[in-house]
Amino acid sequence: MSFDISLSKPNEVSINLKLFKFYGFFHPFDPKSKTVFNLNVYQLVCFIIHSVVGVILIYGLMGYVTEKEDAFNIANDIQIMFACILYYLCLVNSITLFYKANNIWNLLHVSSIHFLTSTQCQKHIGILYKYREKLIKTTNYINVLSVVLTIQWSLYPLLLILLQKDHANQSNQRFENIFNFRFPVTISYYNNNFVIFYIIELSIGLLLFYILLVSELFFFSLCYIIIAQYEMIQIAYKNVNSELNSKNSNKNKNDVNVNDCFDDLVSIMKDQQKLFEKLKLFYSTFKLIIVSYVVVFSWSIIILIYASTLILFTSSESISMLSIIKLLTTFGNVIILLLLLCYLLERINNIKESVHFGMYNCNWTSMNLRSKKMLLLSMQMNNANKFIMKITPRKIINLQLFNSVIITCYNIISAMLNISSK
């Protein structure tokens, strides 16, 4: 199946095509993109930028192993930790997607409105249109939320420096920056050249924003599309013999052409198998990314809750209100992304299982023996194609996993409240 995104129109694909074209998402994966020494020029540029950012990040952490002139509070340490976590996720996303660029381009076929070709599935194409509207709204919300969060982090040091410039010079403290990396330089040198360090951290922040955002948007888009198409297959199986119900009320069922039912079952089963192959490709491509996101976001939420409660109840450090707001908004964004990830993966598992019930709920009693055998074969194939994304051999990624993270955070807060009350 050929796929040329440059010729596609927004009403022919299920993804938010305008948003992806705006961010130039398709160029690194397009087989027709320009190459340099047999390497995609966009991927080559991205790897060069990653290497430079990695060197800067290591240099920015060297302040922890050199003599310190000023003391950092725990809020600064959390911001640096969060930046390192984001860079790790950014690196995992880039390496995985670029290494499996052919898989990404192949997965784009799923976004076609006419990916499912059977007559019964195309009768319920309205389901895909309905999910596409939800997907466009969701991706736009995520995009706006990420842009607002990035602008907030970028403008935060500029706003704070106006309030603390004189105080910072008097108290011998560094000016607040976006991530507050511990560059191994003196306080006076850092403050006098603050614009340079600000531009460095701003460049890192924009890189993290771009790569994480486009990869998250593509991942969530594929989840929505797969859910919609499995729902189409489920209803197609359920209604595959619906014509017999209306005809049998007026005619003898022996007069009904049951061969049409057999052909419908064959075409639906082909669509189902084709979609399952894409699902396996989707999981194999994004497995490392999914596990990294779940582990990192879960531990980030727990660590942020622990650090926040520690500051509130046991620490004598004074944290500015702007720092608290920045951390809280980031904390909320991480929770939303983890919740959406767990929800969509659980929906994929549930809707894939519901296809079996769609097969059973069709009017199979009115089918002839040949059609019944084909339906039974479809059920056996559906049972054999069990593939669930797990973080451990027993731990499935679903809403129960998200609930366990929230419960852990609640237990931490309760324990800290009990300790502070004694």
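**Close-up views of a predicted model**

**View 1. Thr 408 is placed in helix α13, which covers residues 399-421.** The model shown in this and the following views is predicted. With a relative accessible area of 32%, Thr 408 is partly exposed. Between Thr 408 and Ile 301 the C-alpha to C-alpha distance is 9.7 Å, although the two are 107 residues apart in sequence.

**View 2. Helix α8 comprises 45 residues.** From its first C-alpha to its last, α8 reaches 65 Å, which is close to the 66 Å expected at 1.5 Å a residue. Of the 45 residues of α8, 34 are buried, so the helix is largely enclosed by the rest of the structure.

**View 3. Helices α3 and α8 pack with their axes 9 Å apart.** Two packed helices are described by the angle between their axes and by the distance between the axes. For α3 (residues 74-99) and α8, the angle is about 50°. The arrangement of α3 relative to α8 is therefore oblique. The crossing in which α3 passes α8 is left-handed.

**View 4. Phe 218 and Phe 286 form a tilted aromatic pair.** A pair of aromatic rings is described by the distance of the centres and the angle of the planes.

**View 5. Phe 218 and Phe 286 are members of one aromatic cluster.** The cluster also includes Phe 20, Phe 25, Phe 26 and Phe 29. A search of the whole structure finds 29 aromatic pairs.

**View 6. The charged end of Lys 134 sits over the ring of Tyr 131.** The distance from the charged end of Lys 134 to the centre of the Tyr 131 ring is 5.2 Å.

**View 7. Lys 274 lies over the face of Phe 115.** In this arrangement, Lys 274 is at 4.8 Å from the ring centre of Phe 115.

How values were computed
Residues are numbered from 1 along each chain as its sequence is written. This is a predicted model: local features need pLDDT of at least 70, side-chain atom pairs count only at pLDDT 80 or more; totals for chains, interfaces and linings use all residues. Side-chain values use heavy atoms; hydrogens and water are left out. Rings of Phe, Tyr and Trp (its six-membered ring) pair if their centres lie within 6.5 Å; planes under 30 degrees apart count as stacked, over 60 as edge-to-face and the rest as tilted. A charge sits over a ring if NZ of Lys or CZ of Arg is within 6 Å of the ring centre and within 35 degrees of the ring normal. Helices (H or I, at least four residues) and strands (E, at least two) are DSSP runs, numbered from the N terminus. The expected span of a helix is 1.5 Å times one less than its number of residues. Buried means under 20% relative accessible area, exposed over 50%, partly exposed in between (1.4 Å probe, protein chains only). Axes are lines fitted to C-alpha atoms, for helices over the stretch in contact, and angles run from 0 to 180 degrees between N-to-C directions. Angles under 35 degrees count as roughly parallel, over 145 as roughly antiparallel, 65 to 115 as roughly perpendicular and the rest as oblique. A crossing is left-handed if the near helix is turned anticlockwise from the far one by less than a right angle, and right-handed if clockwise.
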